[in-house]
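The sequence and model are shown first.

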Amino acid sequence: ACVLFGKRARAAVWSDTAPELAAMGAARRAWPRRLCGSVRSLCSASLPPHKVVPMPRLAPTMTTGKVHQWNIGIGDAISPYDLVFQVSITGPELLGNDATEKQADAVVVMEIECIEDGFLAKILAPVGADAGPDQPIAVICEDPDDVAAFANYVPSIKKVPSGQFLWQAYLVSGLEATSCSNS
């Protein structure tokens, strides 16, 4: 994936097994059936249909990210293209060994745009919490009446499988324009 940095730059970062961009609309509309029909480990039979939101993998070198801010609260509706939360990582976490000395000291804040719809049912990683890439940080459900069912939810998985949750990231602060390569 290619990541472009600059003021409010868009980072086209999806899981390596995510559907093609053109298929995202159809995949999003069918998420409860697809998720609970083929990936039973993410849905408990005693809970309503839901998706576990992972900590985004913002770079191949990323080992941990910090929840910087939640832009929505429990019970709030999430629509595609909503900016749901912010993640902060260090320059080396994002750029690896290519980080310059100045970039190595930078704390990069990325705003995460959700490509899913539903309702925020549970925040598993509050503001300030660290989580590794793909570790569960929140839960979204399909129906606002189902939010209460997740009050005591504890995820049964340590990592969310690739391609189960679609997102994009935007640079909020931390680095100036950087070149990009798809190699």
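The text below treats overall composition, then the sheets, the aromatic pairs and the nonpolar cores.

The model is predicted; local features require pLDDT of at least 70 and side-chain atom pairs count only at pLDDT 80 or more, whereas totals for chains, interfaces and linings use all residues. Residues are numbered from 1 along each chain as its sequence is written, and side-chain values use heavy atoms, with hydrogens and water left out.

**Overall composition**

The chain contains 4 helices and 11 strands; these are DSSP runs numbered from the N terminus, helices being H or I with at least four residues and strands E with at least two. Of its 183 residues, 50% are buried, where buried means under 20% relative accessible area, exposed over 50%, and partly exposed in between (1.4 Å probe, protein chains only). Contacts are heavy atoms within 4.5 Å. Among contacts between residues at least 6 apart in sequence, 72% join residues at least 24 apart.

**Strand pairing**

Two strands are taken as paired if DSSP finds at least two bridges between them. Strand S6 (residues 82-90) runs antiparallel to strand S4 (residues 65-70), to which 4 bridges join it; within this pairing, Gln69 has Gln86 as its bridge partner in S6. S6 also pairs with strand S7 (residues 107-114) in the antiparallel sense, over 8 bridges, and Phe85 stands opposite Ile112 in S7.

An open sheet of 4 strands has the order S3-S10-S8-S5, with antiparallel pairing. Strand S3 (50-54) and strand S5 (77-78) each have a single partner strand and stand at the edges, so one side of each lacks a neighbour in the sheet. Strand S8 (residues 118-123) and strand S10 (residues 136-141) are joined by 4 bridges, with Val139 in S10 as the bridge partner of Lys122.

Lys51 is buried at a relative accessible area of 2%, and its side chain makes a polar contact of 3.0 Å with the side chain of Glu116. A polar contact is a pair of N or O atoms within 3.5 Å; within protein, one must be able to donate a hydrogen and the other to accept it, and residues adjacent in sequence count only if both atoms are side-chain atoms.

**Aromatic pairs**

The structure holds 2 aromatic pairs. Rings of Phe, Tyr and Trp (its six-membered ring) pair if their centres lie within 6.5 Å; planes under 30 degrees apart count as stacked, over 60 as edge-to-face and the rest as tilted.

| Pair | Centre to centre | Angle between planes | Class |
|---|---|---|---|
| Trp70 and Phe85 | 4.9 Å | 40 degrees | tilted |
| Phe150 and Tyr153 | 5.8 Å | 65 degrees | edge-to-face |

Trp70 in strand S4 and Phe85 in strand S6 are 15 residues apart. Trp70 is buried at 13% relative accessibility, and Phe85 at 3%. Phe150 is buried at 0%, and Tyr153 at 12%.

**Nonpolar cores**

A nonpolar core is a set of buried Ala, Val, Leu, Ile, Met, Phe, Trp, Tyr and Cys residues joined through side-chain atoms within 4.5 Å. The largest has 30 residues, and those with the most contacts inside it are Leu58, Phe85, Ile112 and Ile137. Elements giving two or more residues to this core include S4, S6, helix H3 (91-95) and strand S11 (167-173). A second, separate core of 11 residues includes Leu47, Val52, Val139 and Tyr153.
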